[in-house]
Amino acid sequence: MADPSEAKGEGSLRKAFGGVLGVFILLLIGTLAFSIRLFSVIKYESVIHEFDPYFNYRVTQFLTKNGIYDFWNWFDDRTWYPLGRVIGGTVYPGLTLTAGSIWWLLNNLNIPLSVETVCVFTAPIFSANAAWATYLLTKEVKGTGAGLTAAALLAMVPSYISRSVAGSYDNEAVAIFALIFTFYLYIKTLNTGSLFYATLNALSYFYMVCSWGGYTFIINLIPMHVLLCIVTGRYSSRLYIAYAPLVVLGTLLASLVPVVGFNAVMTSEHFASFLVFIILHVVAFVYYIKGILSPKMFKVAMTLVVTIGIAVCSAVLAILIALVASSPTKGWSGRSLSLLDPTYASKYIPIIASVSEHQPPTWPSYFMDINVLAFLVPAGIVACFLPLSDASSFVILYIATSVYFSGVMVRLMLVLAPAACIMSGIALSEAFDAFTRSIKFQLPKLFEASPSDAGDTNRGTQDEPTKVDNNTPTEKTEATVKERPSEKHRKKEKKKLEKGKEIKEKGKENADKVSNKPLNAKKLLVLPLEASAVAILLLIILGAFYVVHCVWAAAEAYSAPSIVLTSHSHDGLHVFDDFREAYAWLKHNTDVDDKVASWWDYGYQTTAMANRTVIVDNNTWNNTHIATVGTAMSSPEKPAWDIFNSLDVKYVLVVFGGLVGYSSDDINKFLWMVRIGGGVFPHIREPDYLRDGQYRIDAHATPTMLNCLMYKLSYYRFVETDGKGFDRVRGTEIGKKHFRLTHFEEVFTTHHWMVRIYKLKSPKNRIRGKSKKKTNPKTTSKINSNKNVKKNPWQ
């Protein structure tokens, strides 16, 4: 017989080894999450991606240079001219403060990294943190094995990689970590009932509010889960501790963020949390009085509580309805309404509908962004029901809501990714556990063919009756002989009476089922050896496909920055650096106070890279200002010149991809300019730009389309490139090839014609131009363009 102390020591040693191995695996997962996001730096260079990250980078530069107090009071006069923008009160400061703190800490440790380098690598660092937070959350739901699997899946999931590659310096870089960590602390508090974790949960929620407007998903999902627990009879003091401090302390902290302020208590996005907060206290009070009163007094008290509760709830609902009814949008923001009603944005807010990431995803998007996880999620949901707990019910609710919202807006695939990884991690962990247990249970049978083993088995079966029964066979025989016939007769009659009673018979059957259930369950979990081995092999192959797809997505699909483009052809790799070429020209060849007009997509980059004042940018807070620019682009030259001149604009920038096949150019975005402009200025009508309901730029295009400013600025001198004016994006020849510009002059066109910059002519120059008939504007503009190309510092 083994010594209990030795067995205990062996178990503790085994547990310690498992803990060390788990920490080592987590370190490897963090390294994987960081390194898989470095393809953009390796293939290109350390550069900021996309449009919004350039604004965040510019804000971080200001913060590190001028300090936190100047940041909160910063009025930026280089954006939204002539209105300007108060930066400190209109941004979510979490990302900026995080990167600024990292930069400050590194410099105090004598690690002199630039602000740009810190901004580039912030997202990969926090992707590792998000993977570890996913481990903690999944561990609270289904154990360590599921947690490690979910963390590994999240470290590589393409949907999250798309927003966290090196250089993707956007709010989601830190917000996804804050989202998962807040959910973990909520579940941890729900499992332990600790007020310490509840306080940490409120602080984590505050960090999420500072980081991203998606915090409203948290403050609505958690109340839904609390209400679900109350309805299903799962109320406990732990539920109260997990939720009540979050609402009180979390709301107070959220109101301290300037961009949120009183919206934390005044908008409809937060009303669900307050309503569930009231319901939770009513239920808690009912449970309290039930424990201190007799059943008779409890009925009387319940009548009183229900009466008062209905009156209070009616008053609160009346106030809420009055507040909601007084708002044109019923207290909801435009983006929230577009989630609740997918058709709302296209009907009423075209500026939101024009953004590509606000469009509904296609079915291939799910396979691209979460790959095989889409097929594992249903199995994970089933595993969460076996058994169903408070924690597992929360992740089920999380996956259900995130699937809906991701179907409305492709950007919210980012919220779905952690839920899909958690469910898939649970499914894979449970599957591996079942298959490996089956192999472990049946593997010893392969070595039972030897005679000695067979003899030992037979001896074991012969000894079993002796071990189980205390009485010997002789004692059993004597007891049987001693029984009297009358007693046997009485027993038979008693059995007949018991069989005639249905209630006792059902109880006996249920008792037999309960006694046999563990044995049957063990038999069901043991699968054939060959099937278990094949299933494990298939799961490994499935995981290998997932890894290959994720690496490809990280290296090819999501690593290319929008500021630098590449294409592969038969003669090799081509790099298109036209954007930086154009911004460098603006920075070195224009005055500091010059104003640049473009569509709002390029506002952040123009301000950050060219350091020039813009009319509109990616913040899109003023729809009328954007509509004014859209109206100018949709108008003929003279009205467009009048609009831009009234805004003190000196240069106009347009993006054109017809020569190289760049599809995200301004001609493809032009209908949104018409729609947004027409929403404010009724004389701009979309049908005037369509021929038989079709958007065309060829010879069949409408006169309004062929004479608008956007068409002329895009296709000016384009026929000189190939003699035909063939647009590679639209796949057709342009309709109007030979025309002159009377109110604008071309000053710079990039090497691949992707960015074209025009200058507004002054009134004197335009009058002289009309009087000088011998001057050829076409030749002059060509000469000016060639001169400017030589000044380009990027060539």
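Trainee: Which residues does Phe-183 touch, not counting residues up to four places away in sequence?

Mentor: In this predicted model, Phe-183 touches Leu-137, Phe-217, Ile-218, Leu-221, Ile-222, Phe-394 and Tyr-398.

Trainee: What makes Phe-183 stand out in the largest nonpolar core?

Mentor: That core has 179 residues, and Phe-183 is one of those that touch the most other members, along with Phe-579, Phe-644, Val-652 and Ile-757. Helix α9 (residues 172-192) gives this core its largest share, 14 residues.

Trainee: Why is Cys-421 called buried?

Mentor: Buried means under 20% relative accessible area. Cys-421 has a value of 0%, so the residue counts as buried.

Trainee: And how do you know whether Cys-119 is buried or exposed?

Mentor: Use the same cut-off, under 20% for buried. The relative accessibility of Cys-119 is 1%, therefore Cys-119 is buried.

Trainee: How many disulfides does the rule give in total?

Mentor: The count is 0 disulfides.

Trainee: Where is Arg-580, and what makes it buried?

Mentor: Arg-580 lies in helix α28 (residues 578-589). Its relative accessible area is 11%, which is under 20%, so Arg-580 is buried.

Trainee: What joins the side chains of Arg-580 and Glu-45?

Mentor: A polar contact of 3.0 Å joins them. The cut-off is within 3.5 Å, so this pair qualifies.

Key: Residues are numbered from 1 along each chain as its sequence is written. This is a predicted model: local features need pLDDT of at least 70, side-chain atom pairs count only at pLDDT 80 or more; totals for chains, interfaces and linings use all residues. Side-chain values use heavy atoms; hydrogens and water are left out. A disulfide is a pair of cysteine sulfur atoms within 2.5 Å. Buried means under 20% relative accessible area, exposed over 50%, partly exposed in between (1.4 Å probe, protein chains only). Helices (H or I, at least four residues) and strands (E, at least two) are DSSP runs, numbered from the N terminus. A polar contact is a pair of N or O atoms within 3.5 Å; within protein, one must be able to donate a hydrogen and the other to accept it, and residues adjacent in sequence count only if both atoms are side-chain atoms. A nonpolar core is a set of buried Ala, Val, Leu, Ile, Met, Phe, Trp, Tyr and Cys residues joined through side-chain atoms within 4.5 Å. Contact means heavy atoms within 4.5 Å.
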